[in-house]
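Dear colleague,

I am handing over the structure we spoke about, and I would be glad if you kept it open while reading the notes below.

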Amino acid sequence: MAYIQGETGDWEVVIGLEVHAQITSKSKLFSGASAEYGAEPNSQVSLVDAGFPGMLPVINEYCIEQAVRTGLGLRAEVNCFSVFDRKNYFYADLPCGYQISQYLQPIVGKGEIILDLAEGVSRTVGITRLHLEMDAGKSMHDQHPSKTYVDLNRSGVALMEIVSEPDMRTSEEAGAYLRKLRTILRYLGSCDGNMEEGSMRCDCNVSVRKPGAALGTRTETKNVNSIRFVMQAIEYETRRQIDILEEGGSIVQETRLWDTSKGVTRAMRSKEEAHDYRYFPDPDLLPLILDPAWVAQIKTTLPELPDDKKQRFIRDYKLSRYDAEVLVAEQAKADFYEKVARGRDPKLVSNWVTGDFFGALNKAGRDIDDSPVSADALGGLIDLIADNTISGRIAKEVFEEMLASGKAAAAIVEEKGLRQVTDTGAIDAAIEAVMTKNPDKVSEYRGGKDKLFGFFVGQVMKATGGKANPALVNEILKTKLG
Amino acid sequence: MSLDKTTVAKIAYLARIEVPEADREHMAGELSKILEFVEQLGEVDTTGVVPMASVVDTGLRRRSDLVTDGGYVDAVLANAPDRAGSYFAVPKVVE
């Protein structure tokens, strides 16, 4: 267990996360206005979203389906009877004066997420619930000295609020939780997980306690919009709480904000009194009743999820756990790998895909869908290694050339004469030449200085322009020097 | 259940309705009477009775995920006390 060192001894951090994940619907949860990001202000607002009197909400069936899919993907209970409630508060970007949400009876109940931590450790974090709710509008405070500008395009957009149990103990675990949740949502296609555009936002509940003690008072840092900031906010909040407690103070249960530019959390000015939400069932909406047969049918449409895919990669391709985790982190990466691995050595393919290939994508800042080297082209290169046409070292050179020119591996090898020398006569000659040039080294080696073997290999490879087959060079060198 | 003046003030604040101090005593009496009237329902034994969501025998109506609405900025902003371009402009509220 990872504890934080304080003046008075160890402290344990307790973290629970609430993630707001925007559903990938075309239109809003309760209106037919577009949910697309980035439009002209207030151009995607219906009179329902603007809270005009007499307007009635009508639920979007696709959003219900995505909530169910997500629940199933989180191995959670789907509740076939759920209720929409009004959460009442006043704010300029909430035109109705309430948010339609789900309170006592959410659409999805308890589930779990398995975190893949470093060094092959995994940890299960409980999901408390998932419920459907509508988003509020967007306030902009920096456009005018005394006015706030409000854009209601986001008002009414469908969100899934996914609440975790307070099961995490370090900021790394919180980061791993968000990455895994995002991966699952993207596999399911229910949310695009794009934190920059705000389609995934996180509220962090943090408290500290002495190991084994009862839970401490928590604070909630709202609307943090990147995994890195979530981790930083948790670390800052942990330190702040420990400092207060060690100086004899006490933690105030409050809502805080993450200040990205200063790297600190600070208390929101609004009083706690404002958080008396007075939930009650929304009289405009009947309970949401699901047909169990429909839920079962949705279950048959789920893709292979990352945990299952990882297990299959380890079992069928004999990959290490780490490599399997890297490959399944994105569905497109896993698909690319499987395409290359078909009919080839899965371990060799994994080394190339997770190593040079992902490295090149990263360096070029490109997505796998936009890769400069196709799965077939990479497969072609790997075939040349497998049949000993080129060595692994030369292959790296060929790969660089493939990236630069887009040519096929075989063509590059022919053009540049990179074909591996497997002609023992040529290798013999090169070895003889090296031995003749270095008689002193030869006698030192024969006198017991084994380390010099590497020197001879290096010289021979140099003499053959790196094209000699390394296994053959080793073998012949041993005989000749021996 | 009867309400006191402090509770009346709190409810008024939550509802953003201004109730002058002088009116609160009277308002507490009015609201208490309403609550007492509703409390008669407590005489009915509702053990095992599921809360009624609606008197009509119908399910929640659903719609398909289609864009069928929006695209009328001026109508949306028509009743706004103040606007700036296509935005609502409201007194600054900063957190």
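What follows is a short account of the contact between the chains and of some strand pairing.

Please keep in mind throughout that this is a predicted model.

I begin with the place where the two chains meet, to which chain A gives 42 residues and chain B gives 31 residues. On the chain B side, the elements that contribute two or more residues are strand S1 (62-63), helix H3 (73-77) and strand S3 (87-91), and the largest share, 5 residues, comes from S3 of chain B. Sorted by class, the side of chain B that touches chain A holds 16 nonpolar, 7 polar and 8 charged residues.

As background, strands of a sheet pair through backbone hydrogen bonds, in either a parallel or an antiparallel way.

The antiparallel way can be seen within chain A, where an open sheet of 3 strands runs in the order S6-S5-S16. Its edge strands, each of which pairs on one side only, are S6 (98-101) and S16 (280-281) of chain A. Strand S5 of chain A (residues 85-88) pairs with S6 of chain A in the antiparallel sense over 4 bridges, and there A:Arg86 stands opposite A:Ile100 of S6.

With best wishes

Definitions and conventions
Residues are numbered from 1 along each chain as its sequence is written. Chains are lettered from A and ligands numbered from 1 in the order in which they are written. This is a predicted model: local features need pLDDT of at least 70, side-chain atom pairs count only at pLDDT 80 or more; totals for chains, interfaces and linings use all residues. Two residues are in contact if their C-beta atoms, placed from the backbone, lie within 7 Å. Ala, Val, Leu, Ile, Met, Phe, Trp, Tyr, Cys and Pro count as nonpolar, Asp, Glu, Lys and Arg as charged, and the others, Gly among them, as polar. Two strands pair if DSSP finds at least two bridges between them.
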